[in-house]
Structures are given as structure tokens and as C-alpha cells.
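Please work through the exercises below with the sequence and the structure open beside you. Try each task before reading its solution.

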Amino acid sequence: MKDEVTTRESRVDALGGMGCKRKRVEDARFTQGKGNYVDDIKLKGMLFGDFVRSPYAHARIKSIDTSAALALDGVIAVLTAEDLRPLGLHWMPTLAGDKQMVLADGKVLFQGQEVAYVVAKDRYIAADAVELVEVDYEELPVIVDPFEALKSDVVLREDLVAEDGSLPDGAHGPRKHHNHIFTWEVGEKEATTQVLDSAEVVAEETVYYHRTHPCPLETCGCVASMDKVNGKLTLWGTFQAPHAIRTVVSLISGIEEHNIRVISPDIGGGFGNKVGAYPGYVCSVVASIVTGVPVKWIEDRMENLMTTAFARDYWMTGKISATKEGKITGLQCHVTADHGGFDACADPTKFPAGFMNICTGSYDIPTAYLAVDGVYTNKAPGGVSYRCSFRVTEAVYFIERMIEVLAIELNMDAAELRRINFIRKDQFPYKAALGWEYDSGDYHTAWDKAMKAVDYDGLRAEQAQRVEDFKAGKTRKLMGIGLTHFTEIVGAGPVKNCDILGLGMFDSCEIRIHPTGSAIARLGTISQGQGHATTFAQILATEIGLPADSITIEEGDTDTAPYGLGTYGSRSTPVAGAATALAGRKIRAKAQMIAAYLLEVHDDDVEFDVDRFVVKGAPEKFKTMKEIAFAAYNQAIPGIEPGLEAVSYYDPPNMTYPFGAYVCVMDIDVDTGEVDIRRFYALDDCGTRINPMIIEGQVHGGLTEALAVALGQEIAYDEMGNVKTGTLMDFFLPTAWEVPNYETDHTVTPSPHHPIGAKGVGESPHVGGVPCFSNAVNDAFRAFGLRHTHMPHDHWRIWKTANELGLHG
Amino acid sequence: MSKKMHITLKVNGEEQEFLAEPRELLIHTLRERLGITGPHIGCETSHCGACTVTLNGKSVKSCTVFVAQADGADITTIEGLGSPDNLHVLQTAFKEHHGLQCGFCTPGMITRASKLLEENPNPTEEEVRFGMAGNICRCTGYQNIVKSILAAAAEMNAVKEAAE
Ligand code: FES
Ligand code: FES
């Protein structure tokens with residue numbers, strides 16, 4: 001009997017399935033410099049595209065003279081809006097229901113806007129030609145402040161004002177002002193006002209989540225290749241959603257979708273930057289169609305930071321009410337959202353502010369109201385989900401700051417305040433005041449585990465002593481304890497309420513088992529470092545009983561992969577992961593019939609056991625999945641088609657709601673503003689854990705991006721609309737030197753509606769990390785009267801805070 | 001366009017000879033002219049280290065070296081560090097300790113780390129973090145990169161000791 005047990009365990013181990021720390025199959029090529037990123041693609045006769053960009057944030061274009069550029073040896077073409085107009089491609093639709101200029105049509109709305117597209121034989125000639133294009137601009141008044149934009153007479157988007165001066169509705173309803181995009185309301189306005197007005201305690205604060213940028217190490221780019229002989233367009237690019245790009249290209253170019261092949265090769269990080277469609281893609285496609293040869297466009301870092309896909313830029317004003325004992329009774333939030341010159345936010349269609357309505361967080365708040373106003377300014381368009389699911393990081397930052405402010409108002413410990421307001425385990429599924437139904441959670445267990453792990457009471461005692469020492473002149477360093485309990489909402493999403501450009505946000509998996517018992521599975525998602533080739537094979541190994549090492553995972557080629565909406569918003573595991581498991585189960589169902597036939601018993605008399613079907617009650621009689629696969633191809637089985645393949649399209653019934661409890665301990669030098677992160681403890685609950693090694697890696701990475709955002713990373717503008725942080729000199733990306741070691745921990749609360757109980761994890765550490773770092777900075781100064789100070793908490797701003805609090809004597 | 005220069009380079013042990021504009025950046029020479037696409041471009045301003053190669057025994061960011069300056073140089077890129085049948089210890093260690101995710105920084109990281117371990121075969125964690133500060137990774141948070149490099153150092157030292 002004992003033997004039997006070990007054998008079964010060893011069979012499980014041999015699969016390398018779910019739950020094991022499988023090493024990544026991607027790494028061999030990456031560690032040897034054999035990755036295939038878009039800029040590695042080299043095609044015969046390939047030309048290079050490069051942009052002439054506006055130095056002004058708001059200007060009318062009086063003329064463009066391309067003659068000198070065209071005269072340069074090696075320059076093939078210079079495209080302007082006039083060249084695209086006959087094709088109807090001088091503007092393109094955005095993901096948010098607005099439209100955006102592909103090339104400046106009479107005016108520019110932000111610094112760095114695309115004005116002309118040069119096509120040349122190599123990148124040096126293209127860069128020379130860009131310098132030779134003469135553009136005559138007439139400067140217009142610049143608005144970089146969204147509040148000013150809503151008062152200003154200056155019209156940023158004349159195209160959205162009717163001839164008679166009236167304002168036609170936008171994609172999300174009526175507009176209040178010519179620089180206003182939409183108002184989005186959720187919850188009960190009146191009821192919330194009543195609760196706030198009659199509350200025992202109310203805390204109020206304005207929290208600015210500054211503009212930043214995902215800045216993956218690889219910038220965006222593409223290679224467009226129009227084959228005029230067979231009429232096929234192939235487009236390689238840094239696309240987080242290749243199928244959606246194919247559909248968009250088809251819709252705007254008129255090329256039939258079957259004649260377009262979109263390929264996402266290896267992607268050097270995405271973090272939301274590579275979800276959208278950018279003018280560079282459109283111009284490259286046009287240039288390839290016009291020239292008949294392949295055209296490559298790769299943006300440089302400055303272009304990347306200045307123009308493609310900013311994130312955040314939310315001014316969030318909140319009120320939170322509670323009883324004297326600290327039980328929260330109501331929450332109100334108003335957001336002024338700066339969307340830049342065009343509304344190109346990457347959100348599901350029905351959610352112009354993404355899932356900002358998850359802003360009640362992990363707390364049982366009976367009454368709430370949220371209103372978001374989108375505003376045009378002279379800044380770059382974008383508004384992508386930088387390592388988060390559609391504005392969730394803004395929501396979590398908001399509530400986690402409001403909790404801290406309320407704790408101050410109540411003169412209460414912030415950990416205890418959270419504890420008494422958590423949604424209890426027995427309340428799940430929990431219907432939140434702003435509409436979402438949280439699938440599962442066990443917040444108290446996670447929280448208590450975290451508090452114990454860091455010895456929270458000990459930390460507070462140490463902090464109190466530090467304050468005493470500081471006051472006594474014994475130290476110049478303060479200690480901050482940052483707390484966060486976040487609830488994410490990921491896995492968009494149910495087709496009934498989630499679509500992008502009308503495309504339902506399901507995802508897919510197609511499996512083919514080969515006769516000798518290995519397999520290929522193709523998915524509608526695309527890895528950008530998450531290790532899909534490793535983890536999806538693990539899911540399948542467990543589901544179909546073939547070793548993960550015998551399963552190839554392929555993504556990113558629209559000619560071969562089933563349709564899917566791509567990878568962002570931590571949706572791959574919740575959606576495509578579910579499709580994978582379900583496709584695997586279809587394989588298993590057919591395998592069961594084959595096994596029964598081979599074992600000469602009824603279908604119901606065999607059962608699946610790790611890597612085989614066994615006859616119930618007679619485990620010595622079995623057929624392995626390998627044997628079954630072979631039989632599927634070489635035996636004529638009555639009533640069963642040959643072959644062993646399956647495809648599954650998964651429309652999730654609900655989102656998933658990962659959560660976590662984070663604690664950050666830092667010392668702050670009051671005189672230099674420098675921060676020393678002494679400890680960071682991160683407990684994540686992402687439901688079923690597919691590969692703990694990869695989860696841990698995701699947590700380290702997400703926390704580091706959180707550290708960056710909280711402590712210094714921003715896209716800053718001056719009042720003329722000049723980008724002040726356009727290079728990596730000014731835009732903060734932490735190095736190994738600035739980053740601490742993180743402690744990771746977990747609890748497991750499986751999602752009840754997901755086939756394998758997994759919830760997704762890639763973005764949790766970013767969503768939870770940002771408020772945790774920020775809370776630590778704010779907390780360090782709580783004893784000296786600070787309520788709230790805005791991010792990013794760079795040395796200068798921290799020094800200023802200390803100075804304003806009179807801590808410099 | 002300026003006059004072309006006659007350039008000779010030794011890259012990963014192979015002699016290369018060609019005419020190039022002096023302004024051509026070494027990273028483009030490697031990637032576009034010679035088809036050596038291991039080193040990547042992340043910024044072109046010396047900040048990210050994705051383009052790191054070893055040039056005459058020193059770690060160098062090849063995006064800010066003109067090919068004219070590199071004339072006559074001996075260059076090693078990630079492609080020259082190991083081969084599929086004979087991986088460099090660092091290449092194995094990065095896989096073993098999950099020191100990479102998207103892989104875009106990895107060639108520069110490993111190339112730089114190989115030099116760091118030559119200069120300092122027994123680094124502390126602090127020394128690794130400081131010595132690698134010229135290479136940015138957006139995915140891993142560095143923890144596992146540091147772990148990989150320390151593990152590789154230990155392994156290399158163990159091999160050396162066994163040989164002595
Ligand atoms: S590309 Fe050379 S340092 Fe970034
Ligand atoms: S692994 Fe992606 S940048 Fe380092």
C-alpha cells in the first residue's frame with residue numbers, strides 16, 4: 001500500500017503540474033540572447049519610419065514643408081495628415097469611444113504629438129530627415145490643469161463642438177463644458193449625503209494620484225509588411241492584445257480580417273503600455289501599403305515617455321464617515337480625471353473610469369457614491385492601467401489613504417480601524433455599495449497573520465520611542481509604518497458588461513494532443529514576462545495528465561491562436577487560465593470514453609487518476625493518457641471521431657477579487673528627505689497558486705514598480721506643457737541599489753467560480769504596494785500633525801513636508 | 001552623411017571588417033550590421049544597461065559608443081558568453097533562481113554580471129547591488145537577480161576550489 005502511495009506521488013511530481021515551482025521554459029532563449037523582440041525582426045528591403053513631433057503643447061499648424069526632407073538621399077516618403085485624409089486615416093478611433101489624430105490635423109494638442117511620418121532606408125537617414133521637415137506653428141494658450149480646463153474659454157477640441165457652439169453628447173453622455181469629456185456616477189448620491197451630514201465623525205481629504213508611465217524596458221514598436229502579391233498584411237508589434245489589434249486594423253483599413261495577420265513576438269514588458277493602438281502602427285501600415293515593402297517603427301525612450309500611454313492623473317476628493325467607535329458608515333468620492341488631449345483610456349466600454357467603483361476597498365461600507373469627471377488638457381493621451389486592472393490602483397490608493405485620514409480624525413490605530421471594518425468571511429459573496437459582487441475573501445485571517453508576522457505592536461512601540469528620541473534631539477530619523485489591505489478586481493470580464501470596442505472580454509484556449517502523447521495549446525493571451533509558456537502548461541498537465549514538459553504553449557499569432565482579448569488587467573489566469581482548464585476537461589472527457597473502450601468497460605466505470613484512467617476498484621487496470629492519445633489516432637473506435645483536440649472559449653461569470661495585507665517599515669531622514677526601507681512584508685491571497693516561484697517573482701516586480709511610483713516616478717509638465725521628465729535621467733526607475741529585499745507570504749482563498757480557483761496576481765503587488773509605501777511616509781509624520789501629503793514622495797518633497805511641519809528647527 | 005570609415009572589430013572571437021559612418025552607434029553596428037541582437041536598446045542614453053557589452057575588458061553601454069571609438073576593439077556580447085551545450089554559470093543561475101521575466105534586460109544583466117564577478121569573485125549582496133546599479137530591470141524587482149548572481153559566484157568559487 002505504501003508503495004502505491006509513493007508511486008502516485010511520483011506520478012504527480014513527474015507531471016510538473018499546478019502548485020509546483022516549475023522552472024521557466026522561456027529562460028533558455030532569453031538568457032542566451034535569443035529572444036525575438038520586435039526590433040530584432042529584419043526583413044528584406046525593410047524601411048524605417050520616424051516621427052516629426054510637435055515641440056508645442058497647443059498650437060495651430062500653419063504649414064508643413066517636407067521638400068528638404070524628401071530631397072535627402074534615402075528618404076522614401078514623408079506622410080502628413082493630408083496624405084492620410086483621402087484614406088480616412090488621419091484620425092483613428094480610441095479605445096474610450098473618442099477619436100485621436102494619427103497625424104496632426106491642423107493643430108496639436110500636446111507636446112510630442114505626431115505631426116509627420118518620415119520613411120527612409122535606415123534609422124539614421126530617417127532621423128536626419130525628421131530634422132529637415134519645416135513646420136510653421138502658431139502657439140495657442142496651454143492648459144495643463146484640469147480644473148482650469150473646466151473654467152477656460154480656450155477650446156481644446158474644436159472637433160467636438162457643433163457649428164452653433166453647442167456640445168454634442170460624448171461617448172459617455174452629456175458634456176458640461178467644451179473641455180469636459182464625461183461624468184460617470186455610481187452609487188446613491190442623496191443617501192450618501194444624508195449619511196455624511198448626520199455622521200458622528202467625518203474625514204475629508206483630496207488625494208492626488210499623479211501622472212506616471214508604465215515604461216517597460218522595451219519601448220513600443222512594430223513592423224508592417226504588406227504583401228501585394230497575395231494581399232496579406234502581416235503586422236508584428238508590441239501588442240498586449242494582438243487579436244483586438246487585428247480587428248481594429250481591419251475596421252480602420254478596410255482590409256478583410258482574414259488577410260491580416262498580427263503577431264506579438266517576445267515582448268519586453270508591457271504593464272499596460274502596449275494595450276492601445278498608436279499612430280506609429282497606423283502610419284507604418286499605411287507606409288507599407290504605399291511602398292509595398294516592410295516598414296519598421298520603433299519609438300525611442302523619450303517618445304515612449306512623452307506620448308504613448310500615461311497612467312493615473314486622478315484628483316480624488318473624498319469624504320468618509322464613521323461612528324465614534326470607528327464603524328464606517330459612508331463614503332463619497334469625486335474624481336477630476338485628466339485625460340490629456342484625446343480620451344484614449346484603455347477601459348472596457350461601459351466603464352469610462354475603469355473599475356474605480358471598487359473604491360470601497362476591503363471594507364463593509366453600507367452607503368457610497370462615486371462621480372468621475374473626465375477632462376481634456378494639453379497633455380498626452382493615454383490613461384492605461386499601469387500594472388493594474390482598469391483604475392483599480394487609483395481606487396485602492398484613495399480608500400487606503402482615506403482610512404488613514406479617518407484614523408487620525410478618530411485618534412485611532414489605523415490597523416484596528418481596518419480590522420473592525422473588514423468585510424467578514426461569512427459575508428461573501430459580498431455585494432458592495434458601488435455594485436460589485438466580491439466573490440470570496442478572508443480578510444481578518446490575512447490581516448492577523450500579517451500583524452503577527454511583523455510584530456505590529458512592537459513596531460508601534462519602537463516608533464513611539466523614536467518620536468521621543470527625535471523630540472529629545474537624539475535622532476534626526478523618523479520611523480514610518482505603512483499599512484495596506486487591498487482588494488483587487490481582475491479578470492475582465494463577463495461579456496455581459498465587459499467589452500472593448502464591442503469585443504466581449506472572454507478568452508480562449510485550443511489544445512491538440514499529438515499521437516505520441518505530447519501537446520500544443522494555443523491561447524488568446526500574450527505573455528510579456530509572466531511566464532505563460534510555463535504556467536499554462538502546468539494547468540494543463542494537471543488537467544490532462546501529460547507532463548508539462550511535453551506541452552508547448554503558443555500565443556500571439558492571430559493566424560493560429562484562437563480569438564482572445566489579450567493580456568492586461570491580470571486577466572490571463574482568471575480568463576484564459578479558466579479556458580485552458582476547461583479545454584483540458586473536454587480532452588479528458590473524450591479520453592475517458594477512449595479509455596473505457598480500450599479497457600472494455602462502461603465509460604462510468606473508469607476514473608481519472610493523475611496521468612491515467614483506471615477501472616474503478618481495480619487500479620491495476622488502467623490506460624495512461626499517453627496510451628489513450630495514441631489510441632485516439634490509430635484505432636477505429638465506434639462512435640468516437642479520431643483525434644484528440646479541444647477548444648474552449650471562457651466567458652467568466654464574475655471577476656475575481658485577489659486581496660492582500662502589506663506592511664512597510666521605513667526610516668526617514670528629516671534633513672535630507674531620504675528614505676530607508678527597512679522592511680516590506682507582503683501577504684498575497686490570489687486563490688489557487690499555480691507556480692509559487694512565478695507568483696513570488698511577480699510580487700517582487702510589482703512592489704518595485706510600486707516603490708517607484710510612490711517615491712519618485714512621475715510624468716511632470718511645466719505650465720507651458722513641456723514634459724519635464726522625458727528621459728530616464730528624470731523619470732525614476734529604481735535600480736538594484738535602491739530596492740529592498742521583500743518578504744512574501746500568502747493565504748489561499750480559492751475563487752468559488754473559477755474552474756481552478758485561481759484569481760490572478762501580477763498586479764496585486766503594485767495596487768497594494770503604492771498605498772503601503774505612501775502610507776508609511778505619511779505615517780512617519782503623523783505624530784507631528786501631518787494628515788496627508790501627495791505622492792510622489794521624493795527626497796525634495798519629503799524634505800519640504802518636514803520643513804513645513806517645522807522639523808528643521 | 002559623413003565619410004565612411006574603415007572599421008575592424010573582434011566580436012565574440014570573430015574578426016569583422018566593414019565601412020561605416022563614424023557616427024554609427026556600436027549597438028546598431030552589433031544589432032543591425034552584424035545581426036547580434038542579444039544586446040537590446042532600452043533608452044539610448046546610458047541609463048538602462050540593456051545594451052551592455054564587454055569592450056576591451058570593461059563593461060560598456062554600447063548605445064553611447066560610436067563605432068569609430070570602438071575601432072580595433074575586442075567585444076563580447078551575451079552570445080559570446082556561453083553556448084547551448086556549454087552555458088555560462090550565470091545563464092544557468094538566472095534560470096534556476098528566476099532572475100528574469102520578460103528577458104529584455106537579461107542579456108545586458110548577465111553580461112554585466114559576468115564582468116562584475118571577474119572583478120570581484122566574492123561579492124557581498126551590497127556589492128552586487130551596487131555593481132549592478134547601471135542595469136535596470138522593470139520586471140523582477142532585482143531580488144532574484146541578486147540571488148542568481150550570488151549563487152553563480154558561489155558555484156564558480158566551488159568549481160575553482162575543486163580544481164585547486
Ligand atoms: S540602451 Fe544603452 S543604456 Fe539604455
Ligand atoms: S526581466 Fe523584464 S526588464 Fe528585466
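This is a predicted model: local features need pLDDT of at least 70, side-chain atom pairs count only at pLDDT 80 or more; totals for chains, interfaces and linings use all residues.

**Exercise 1. Describe how chain B is divided into domains, and how the two domains meet.**

Step 1. Begin with the bounds: domain 1 of chain B runs over residues 5-80, while domain 2 of chain B runs over residues 89-163. The C-alpha centres of these two domains lie 22 Å apart.

Step 2. Next, consider the residues that touch, where 19 residues of domain 1 of chain B are in contact with 12 residues of domain 2 of chain B. Between the two domains of chain B an area of about 1,100 Å² is buried, and carbon and sulfur atoms give 56% of that area.

Step 3. Then turn to the polar side of this contact: between domain 1 and domain 2 of chain B there are 7 residue pairs in polar contact, whereas the count of salt bridges is 0. On the side of domain 1 of chain B that touches domain 2, strand E3 (52-55) and strand E4 (58-61) each supply at least two residues. Sorted by class, that side of domain 1 of chain B holds 6 nonpolar, 11 polar and 2 charged residues.

**Exercise 2. Characterise the interface of chain B and chain A, including one salt bridge.**

Step 1. Take the extent of the contact, to which chain B gives 50 residues and chain A gives 53 residues. Together chain B and chain A bury about 4,600 Å², with 54% of this on carbon and sulfur atoms.

Step 2. Count the charged and polar pairs: 5 salt bridges are found across the interface of chain B and chain A, and 28 residue pairs are in polar contact between these chains.

Step 3. Assign the chain B side to its elements, where helix H1 (26-33), helix H3 (89-96), helix H4 (106-119), helix H5 (125-131) and helix H6 (143-163) give two or more residues to the side that touches chain A. By class, this side of chain B has 21 nonpolar, 16 polar and 13 charged residues.

**Exercise 3. Relate the record for chain A to the model over residues 32-141.**

Step 1. According to an unreviewed UniProt entry, residues 32-141 of chain A carry the annotation "domain: Aldehyde oxidase/xanthine dehydrogenase a/b hammerhead".

Step 2. In the model, this span of chain A is 17% helix and 36% strand, and its end C-alpha atoms lie 52 Å apart.

Technical notes:
Residues are numbered from 1 along each chain as its sequence is written. Chains are lettered from A and ligands numbered from 1 in the order in which they are written. Side-chain values use heavy atoms; hydrogens and water are left out. Domain bounds come from an automatic or database domain assignment. Contact means heavy atoms within 4.5 Å. Buried area is the accessible area (1.4 Å probe) that two parts lose on being put together, summed over both. A salt bridge is a side-chain nitrogen of Lys or Arg within 4 Å of a carboxyl oxygen of Asp or Glu. A polar contact is a pair of N or O atoms within 3.5 Å; within protein, one must be able to donate a hydrogen and the other to accept it, and residues adjacent in sequence count only if both atoms are side-chain atoms. Helices (H or I, at least four residues) and strands (E, at least two) are DSSP runs, numbered from the N terminus. Ala, Val, Leu, Ile, Met, Phe, Trp, Tyr, Cys and Pro count as nonpolar, Asp, Glu, Lys and Arg as charged, and the others, Gly among them, as polar. UniProt positions are given in the numbering used here, feature names are shortened, and annotations may be inferred rather than shown by experiment.
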